[in-house]
Amino acid sequence: MPRRLLPAALLLPLALLLSACGGSSSASTSTDTDGSGSLTLNVGDQKGGSEAILQAAGELKNLDYKIKWSTFTSGPPLLEAVNAKAVDIGGVGNTPPVFAAGANSKISVVAAWHGTTAGDAILVPKGSSLKKTSDLKGRSVAVAQGSSAHYQLVASLKAAGLSISDIKVKYLQPADALAAFTSGGVDAWAVWDPYTSQVLTAKQGTVLTDGTGVTNGLTFQVASPSALADKKKAAAIKDYLDRLRRAQDWVYAHPAAWAKVWSKDTGLPYEAALASVKRTNASRVPVAIDKALIASEQQMADTFTSLKLIPAKVDFSKFVTTEFNGDLPASTTAPRVSKD
């Protein structure tokens, strides 16, 4: 008998795919935040992202510049806008900058956060006979091609002595993967939060393995080099990053309050939102862009090059700047432990 499908309300809109998955959609909406002065900072965002966090934390007050927000469905099109100079800065996960670097885009990673990778998981349906990663040999696994989950799948298989060729990969975006997962169309699903939390809170599956020890847990703010070359915009970017770092501190201190805001902003059920905040979002610590970070992203780039998803060797160090590091801790600093 097929497993019951998740309620339609649990199928997140594509705008919630965050920065982990690919996509070709451009900005869907634009809003403005008023501030003093004539300078406007063009910021790329994703639903339930930076604007929502800054607003909830009270960090959009007393701006010396205006912010024009453009909302994107995912990281890749946001970075396309950065490359085209349509956006000055925007937030993405650990994978889109690797692919943008592979395309030789004009981008510069200017800030980083390190969080847990417990939300990056390979899920199996409830009652599955699969108990460890090596059990995936010969089985079908859904994953979004070129996503952070794709890298986590490759790395987890390697840790278990397997390669991607040892499984049957089904490249599916999350909405399709969720349907396949809950109907028995695949044996496992490699995905990220909040999807992980959705499945777990709905009691539709369990975690076979997660990203702990195999993925880096990094998220980024990425800017246009042309914006950084403008002294006034560079100053605004510094202020913006300072506000984001304080807002992340607020999320850590107020997980339930942020979950309510996030749930309302995205349509994600509150229980799943809170679980995702506690498991993943609240854990993030602002860290420096350093050699260890560059090496970790370089490893990802090399992996995707070996899979022929990136056409040529990438030198990731050419796509970062340490200008805004200040006295931030090393990128390997342990993530925060979420508050109850």
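A salt bridge is a side-chain nitrogen of Lys or Arg within 4 Å of a carboxyl oxygen of Asp or Glu. I start my notes with that rule.

**Entry 1: the model.** I am working on a predicted model, so numbered that residues count from 1 along each chain as its sequence is written. Local features need pLDDT of at least 70, side-chain atom pairs count only at pLDDT 80 or more, totals for chains, interfaces and linings use all residues, and side-chain values use heavy atoms, with hydrogens and water left out.

**Entry 2: salt bridges.** I looked up how many salt bridges the rule gives, and the count is nine. I took D88 and K233 to begin with. Their side chains meet in a salt bridge, at 3.0 Å from N to O. D88 sits in the loop between helix 2 (75–83) and strand 4 (89–92), and K233 in helix 8, so the pair ties together parts 145 residues apart in sequence. I noted how helices and strands are set: they are DSSP runs (helices H or I, at least four residues; strands E, at least two), numbered from the N terminus. Are D88 and K233 buried or exposed? Both are buried. Buried means under 20% relative accessible area, exposed means over 50%, and partly exposed lies in between (1.4 Å probe, protein chains only).

Next I checked E59 and R246. Their closest N and O atoms are 2.9 Å apart, in a salt bridge. E59 is in the loop between helix 1 and strand 3, R246 is in helix 8, and 187 residues separate them. E59 is buried, at 12% relative accessible area. R246 is partly exposed, at 41%.

Then I turned to R336 and D249. Their side chains form a salt bridge at 2.2 Å, N to O. R336 belongs to the segment after helix 11 and D249 to helix 8, 87 residues apart. R336 counts as buried at 19% relative accessibility. D249 is partly exposed at 34%. I also found K238, D242 and R245 linked in a network of salt bridges.

**Entry 3: the core.** Nonpolar side chains tend to be buried together in soluble globular proteins. I looked for such groups here. A nonpolar core is a set of buried Ala, Val, Leu, Ile, Met, Phe, Trp, Tyr and Cys residues joined through side-chain atoms within 4.5 Å. The largest one has 36 residues, and I89, I237 and Y240 have the most contacts inside it. Which element gives the largest share? Helix 8 does, with eight residues. I then listed what I89 touches (contact means heavy atoms within 4.5 Å). Beyond its neighbours within four places in sequence, I89 is in contact with residues including L41, V43, V110, I237 and Y240.

**Entry 4: the lining of the largest pocket.** Helix 11 gives the most to this lining, with five residues. Helix 4 (148–159) and helix 11 (291–306) each supply at least two.
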